[in-house]
Amino acid sequence: MGFNYMSLVLVIAILAGVIAAPTTDGATVASIVTPAFFNGIISKSGAGYAGKTFYTRKAFLQAAKSYPRFGTGKVNVAKREIAAFFAHVTHETGHFCYKEEINGPKKNYCQKGNKQYPCVPGKRYHGRGPIQLSWNYNYGPAGKSIGFDGLNAPETVSKNPVISFKTAFWFWMKNVHPIITTNKGFGPTIRAINGMECKGGNPKAVQARIRYFKAYCKQLRVAPGANLAC
């Protein structure tokens with residue numbers, strides 16, 4: 001077999017995060033998350049909400065380049081992962097209405113005694129971004145991985161849309177992606193994002209997440225699979 005220079009360039013670009021890897025069936029995140037799909041979600045965000053002009057498909061795709069394993073593999077698995085991602089994002093942000101947790105600044109998500117990622121006086125680590133990144137022990141490593149000062153400048157997540165989406169991908173690839181790729185179903189992804197809901201803390205929220213997931217699977221023409229509840 002002869003040397004294929006273009007194939008080598010493609011592999012290097014994918015590994016470098018310049019472009020997202022295609023699925024085994026040739027689809028890409030961009031081809032699955034079409035403008036119509038993305039705008040269909042954000043169009044349900046009420047006028048005047050900060051997130052409506054903050055979150056964009058362009059920022060989403062730019063952030064996705066840094067996580068080339070997201071939405072890859074067999075196309076149906078990729079579609080279910082994308083449907084699951086946006087189901088949780090829709091619920092967490094209210095169809096992209098919110099950049100920050102409602103009444104978040106009044107809450108203090110600080111794990112005291114954490115020597116590796118200590119809380120900075122005056123800083124708040126409430127939920128921000130598409131999956132509502134919370135707590136100092138998440139802001140610290142997320143910032144270190146992405147390239148911003150998560151402990152000293154957590155507000156960056158609600159000011160920079162690309163970084164905001166990157167925090168969602170950072171959490172997702174670490175905690176949720178393995179669940180999807182091993183076909184464990186949507187239910188365990190709810191537990192990974194908000195385990196309290198699965199313990200009876202908010203059954204209506206669980207049903208809302210499932211409802212969004214099923215709706216997005218239908219839009220993407222993929223079966224939602226089994227084990228939807230947690």
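Visitor: Let's start with E92: is it buried or exposed?

Guide: Buried, because its relative accessibility comes out at 18%, under the 20% cut-off. Keep in mind that this is a predicted model.

Visitor: Where does E92 sit, and which residues does it touch?

Guide: E92 is in helix 6, which covers residues 75-93. Leaving out anything up to four places away in sequence, E92 touches P130, I131, Q132, I193 and R209.

Visitor: What does UniProt list for E92?

Guide: The unreviewed UniProt entry lists E92 under "active site".

Visitor: What about the domain annotation, which residues does that cover?

Guide: In the unreviewed entry, "domain: Glycoside hydrolase family 19 catalytic" covers residues 163-173. In the model that span is 100% helix and 0% strand, with its end C-alpha atoms 15 Å apart.

Visitor: OK, switching to H126. Where is that one?

Guide: H126 is in the loop between helix 6 and helix 7, the latter being residues 136-146. H126 is buried, with a relative accessible area of 2%.

Visitor: Which side chain does H126 make a polar contact with?

Guide: That would be E100: the side chains of H126 and E100 are joined by a polar contact of 2.6 Å. Setting aside residues up to four places away in sequence, H126 touches E100, E101, G104, P105, Y109, L133, S134 and Y139.

Visitor: Now the nonpolar core. Which residues touch the most other members?

Guide: The largest nonpolar core has 62 residues, and F60, F70, F85, F86, F96 and W172 touch the most other members. Several helices supply at least two residues each, among them helix 3 (35-42), helix 5 (57-64), helix 8 (161-175) and helix 12 (203-219).

Visitor: Which helix gives the largest share?

Guide: Helix 6, with ten residues of this core.

Visitor: Pick F70, then. What is it in contact with?

Guide: Ignoring neighbours within four places in sequence, F70 is in contact with V29, F60, E81, I82, F85, F169, W172 and M173.

Visitor: On to cysteines. How many disulfides are there?

Guide: Two, from a search of the whole structure. C110 is joined to C119, S to S 2.0 Å, and C198 is joined to C230, S to S 2.1 Å. Counting bonded cysteines along the chain, the pattern is 1-2, 3-4.

Visitor: Why is the C110 and C119 disulfide called right-handed?

Guide: Because the torsion about its S-S bond is about 120 degrees. C110 counts as buried at 18% relative accessibility, while C119 counts as partly exposed at 24%.

Visitor: And the link of C198 and C230, left-handed or right-handed?

Guide: Left-handed, with -100 degrees about the S-S bond. This pair links distant parts of the chain: C198 is in helix 11 (residues 195-201) and C230 is in the segment after helix 12, 32 residues apart. C230 counts as partly exposed, at 27% relative accessibility.

Note on methods. Residues numbered from 1 in each chain as written. Predicted model: local features only at pLDDT ≥ 70, side-chain atom pairs only at ≥ 80, totals over all residues. Heavy atoms only, no water. UniProt positions renumbered as here; feature names shortened; annotations may be inferred. Helix = DSSP H or I, 4+ residues; strand = E, 2+ residues; numbered from the N terminus. Buried < 20%, exposed > 50% of the residue type's maximum accessible area, 1.4 Å probe, protein only. Contact = heavy atoms within 4.5 Å. Polar contact = N/O pair within 3.5 Å; in protein donor to acceptor, adjacent residues only side chain to side chain. Core = buried A, V, L, I, M, F, W, Y, C linked by side-chain atoms within 4.5 Å. Disulfide = S-S within 2.5 Å.
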